[in-house]
Amino acid sequence: MNTGETEACEPDSILYVHSISQAGRILPSASRWNSIEIDFNLFPQSRNTWGYESLPSRFAKSVDFNLTVTNRKNFKRFIYASSAFVSLVVILCFLLRFLPNKQRHHGETKDLTLALKQALVFFDAQKSGVLPKDDHMVKFRGDSGLDDGNKSLVGGFYDSGNNIKFSFPTAYTITLLSWSVIEYHPKYEEIGELDHIKSIIKWGTDYLLKLFVPPNQTSHGSITLFSQVGGISNNKTSTDDNCWQRPEDMRYTRPVSSCDETASDLAGEIIAALSAASLVFKDEDAIYSSTLTKTAMELFDAVTKQDPGFVQGMYTTKEECGGQAREFYNSTGYKDELVWGGTWLFFATGNTRYLRYVTENIVLAEEEGSSVDKGILYWNNKFSATMVLLTRLRFFIDLGYPYEESFILSTNYVDSLMCSYLSPTTRKTQGGLIFLKPDHYAPLEYAATASFLSKLYGDYLAVLQSSSRGCIDGTSFSVDNLHDFSMSQVNYILGDNPMDTSYVVGFGTNYSKHVHHRGASIPWDNQWHSCAEGSTWLNSKNPNPNELLGAMVRGPDWNDVFLDERDKPWFTEPTISSNAGLVAALVALRDPHSSARLNGAGLLGIDNLGMFSNIHLI
């Protein structure tokens, strides 16, 4: 990370989108779109969450040479020759950069199918509850968390290397995985992973259904949402945060945090997850799909009601709801989750009242968003993803009035987002990793979702046979440009980086052996290990005895430097939310073969109409 002078955002890195009026029809809220500034903060500054200093650059070294010129004529010849050589190199670089080249897909020989299969296994390693015996793919995991919530909240996923179950990132993970299946299910089926990822999604939705208690089942007459199982403590009491112990060995008390209907962001993400997953299961289990949809509808009504005095908000602002989660998954807004959830609920039901809610509130969601997070898809911000979905609607089944203003403006936004990914002023490391949140940990999480969105949007354009799209500065981008960018980020993650390190465990020959993860770092020896015993493994320099296959670690710093040390989680800790982005990017980039193309998905392996099966045009 750059600890020197702060780089200012260049003028050409600020993109503007102006609303376009068609046939004089403008929505009541459309005027608010006029001259909205879309600044993707190509050089943003953010707080260093972990409080660590950037490691020295592997490239920038300063050496003082004491030189003396003894022959002026020879020195001049040297200068002229050097200048000519430098000029030649510059010209060659310029030609290589700007001349068309159909073979510029660096590193495409990587086995994306293998990486995808491995990345899915990581979710099996994160499961809590009674594990299925018939397809137990992770040998060092067993049943755990069997008393969670007095046995009413058994299941779900541990979010990372600790033993806490956070509802907010879990719901986001299920939404993103479901989205990838809806778009690319022929690709999953072709490689034999469709049933696998569906089982992962269902493991998550079964748990999410338990998190929502409707008002007629509570003593206080309003809904309850469970936001967290497990906790942290400031004293010596053993908890999921300060005890380094396998989840199977937990014997300490695991507290449960709960919220009411004012936890709008948490509710919105759960709505999105249930709605998106309902589309995944609609053909094979209509009853289960209907249960997911009905629960999402009931929750949506509860958190968007117009009752006097009802106040929406973020779940982490209330101590009893998200006070502890604030240290791990602090939410900075809620409008983006509500419009995200409303969009998926529209796809799940076809009911236009949800689409009206989205188009009437989308500007408020944009205004609410943090400038630091603009253009970034991750567990805290779904605005860009919602804009991609609205653009998808416009491209393939344009609903016309009264939605066209929002659709056009969403398309402009997404075009500008793609321009920002490809802009030469966008901050990237010397190794080529896009660095969307400088001075912040987990750069791979943001790079993976940027890779997914760019490849997905490129597939949309390819289906439409659109050759290029324009940027506000007069440049343009093509489908190949989006593919190259997307592939470059995944290739970096899989080993094409200055460290020659794969950041996915088990992929390649050089990858993290000291992942910050309790279950992976303690031997699976049929022995119970106390917190004190576990601490010896946390601080051990030995490799993990169990390989956490498919886990994507947080990744390097701004200088492309990565330290494979277990006690440095800002480098070596994986999360389910970041792996979901990796899975989405990998399946998007994997080229389909003929079998996938023949399964209703066209040449790109994308199902461009399946998402709209519940939408009936009049």
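Me: In this predicted model, what do the buried residues of α6 pack against?
Reply: They pack against α4 (194–211), β4 (212–213), β5 (224–229), α5, α8 (335–349) and α9 (352–368). Contact here means heavy atoms within 4.5 Å.

Me: Which residues of α6 are the buried ones?
Reply: Tyr-288, Ser-289, Leu-292, Thr-293, Thr-295, Ala-296, Leu-299, Phe-300, Ala-302 and Val-303. Buried means under 20% relative accessible area.

Me: How far does α6 reach from its first C-alpha to its last?
Reply: Helix α6 (residues 286–303) has 18 residues and reaches 26 Å. That is close to the 26 Å expected at 1.5 Å a residue.

Me: Why are α3 and α5 called roughly parallel?
Reply: Angles under 35 degrees count as roughly parallel. Helix α3 (residues 167–190) and helix α5 (residues 264–281) pack at about 30°. The two are therefore roughly parallel to each other. Their axes are 8 Å apart, and α3 passes α5 in a left-handed crossing.

Me: Which residues of α3 and α5 meet?
Reply: From α3, they include Phe-168, Ile-174 and Val-181. From α5, they include Leu-266, Ile-270 and Val-280. The residues of this contact of α3 with α5 divide into 14 nonpolar, 3 polar and 2 charged.

Me: What makes α2 largely enclosed by the rest of the structure?
Reply: Of its 14 residues, 12 are buried, so α2 is largely enclosed. Among the buried ones are Leu-112, Gln-118, Phe-122 and Asp-124. The cover includes α3, α4, α13 (479–493) and α17 (576–589).

Me: What span should the 14 residues of α2 have?
Reply: At 1.5 Å a residue, helix α2 (residues 112–125) should span 20 Å. Its end C-alpha atoms are 21 Å apart, which agrees.

Definitions and conventions. Residues numbered from 1 in each chain as written. Predicted model: local features only at pLDDT ≥ 70, side-chain atom pairs only at ≥ 80, totals over all residues. Heavy atoms only, no water. Axes fitted to C-alpha atoms, helices over the stretch in contact; angles between N-to-C directions. Helix = DSSP H or I, 4+ residues; strand = E, 2+ residues; numbered from the N terminus. Parallel < 35°, antiparallel > 145°, perpendicular 65-115°, else oblique. Left-handed = near helix turned anticlockwise from the far one by under 90°. Nonpolar A, V, L, I, M, F, W, Y, C, P; charged D, E, K, R; others polar. Expected span 1.5 Å × (residues − 1). Buried < 20%, exposed > 50% of the residue type's maximum accessible area, 1.4 Å probe, protein only.
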